[in-house]
Amino acid sequence: TYDDVVCTPGPYLNVIIGTNGAGKSTVICGICLAVGGSPKVLGRSEKMGDYIKHRREQGYVEVFIADSRKGVQRVKVLLQRPSSCTYFINGSRTTQRAVRDFVASYNIQIDNPCTFLAQDKVKSFSEQSPVELLMNTERAGNPASLERHEKLIEKKKHESVHIENAREVQQRLQAIEGEIDALMPRVHNYKKKEFMRTKIKLRRIRATTDELHSVTNTNLYADKVTPYIPAESVIAIMISHLLI
């Protein structure tokens, strides 16, 4: 639309007014491309060459950014047919990615429909989900809020992982408890058998003791003198009874 035009905006709200075809959207397209934006954001042609004026082989857009600390900063895009472009920052050739990172430091968000909305992409604003609308609004208003929001989302993901790990541990615990419950009858039977074995041993010891007492009493009251029974023999008798 333009052979050559310079727009000098003020520090506050700026409005471009004109009839259809006057070139209002052309200014918006130029700003978008100069700061590294993709033609897809504009909702028009995706070929860079289509944004050059008819019957011209090239064109350029240069945007000046007022920086109170560094002075005026310049970003520029040079468009050439059929569809090539070259980017510059303060006169030095660079890449589109570098330009996007550079303007992002000034919180210029061409890909955020809450801050930049081309005429042909108005529909995309209403197509945002509630979550997307919230996050884009946070990006536009206060990027720090978005960072806190993203940290909360990340923590929520970690919480989900911990919950899942706890669920797995609980399942393993239940499986182990089930195995223990299945083994309990065998444990009770084993304890019962051990108790019976101990009881049998005690009964055998008691029987042996009673027999020894009986032998001793018989010898004490016998008419004849009872032969001497060595201690080793008594122990042998007790052991033989225990081994039966």
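Close-up 1. At 55% relative accessibility, Asp3 counts as exposed, where buried means under 20% relative accessible area, exposed over 50%, and partly exposed in between (1.4 Å probe, protein chains only). Its partner Arg56 is partly exposed, with a relative accessible area of 40%, and the two form a salt bridge whose closest N and O atoms are 3.1 Å apart; the term stands for a side-chain nitrogen of Lys or Arg within 4 Å of a carboxyl oxygen of Asp or Glu. The pair links distant parts of the chain, 53 residues apart, with Arg56 in the loop between H1 and E1 and Asp3 in the segment before H1; helices (H or I, at least four residues) and strands (E, at least two) are DSSP runs, numbered from the N terminus. Asp3, Lys53 and Arg56 are linked in a network of salt bridges, and by this rule the count of salt bridges comes to eleven. The model is predicted, so that local features need pLDDT of at least 70 and side-chain atom pairs count only at pLDDT 80 or more, whereas totals for chains, interfaces and linings use all residues. Residues are numbered from 1 along each chain as its sequence is written, and side-chain values use heavy atoms, with hydrogens and water left out.

**Close-up 2. The salt bridge of Asp120 and Arg44.** The side chains of Asp120 and Arg44 meet in a salt bridge at 2.7 Å, N to O. Asp120 lies in the loop between H2 and H3 and Arg44 in the loop between H1 and E1, so the pair ties together parts that are 76 residues apart in sequence. Asp120 is partly exposed, with a relative accessible area of 42%, and Arg44 also counts as partly exposed, at 40% relative accessibility.

Close-up 3. In helix H5 (residues 143–220), Glu164 and Arg167 are separated by about one helical turn because they are three residues apart. Their side chains meet in a salt bridge (2.5 Å, N to O). Glu164 is partly exposed, with a relative accessible area of 35%, and Arg167 is partly exposed at 41%.

**Close-up 4. The largest nonpolar core.** This core has 21 residues, and those with the most contacts inside it are Leu42, Val75 and Val103; a nonpolar core is a set of buried Ala, Val, Leu, Ile, Met, Phe, Trp, Tyr and Cys residues joined through side-chain atoms within 4.5 Å. Helix H1 (24–34), strand E1 (58–65), E2, E3 and H2 each supply at least two residues of the core, and the largest share, four residues, comes from H1. Leaving aside its neighbours within four places in sequence, Val103 is in contact (heavy atoms within 4.5 Å) with Val35, Ile65, Val75 and Ile108.

Close-up 5. The peptide bond from Arg81 to Pro82 is cis, with omega near 5°, and Pro82 is placed in the loop between strand E2 (73–80) and strand E3 (84–89). Asn90, in the loop between E3 and strand E4 (92–94), has a phi near 55°, a positive value in a residue other than glycine. Asn107 lies in the loop between helix H2 (96–104) and helix H3 (122–126), and its phi, near 60°, is likewise a positive value in a residue other than glycine.
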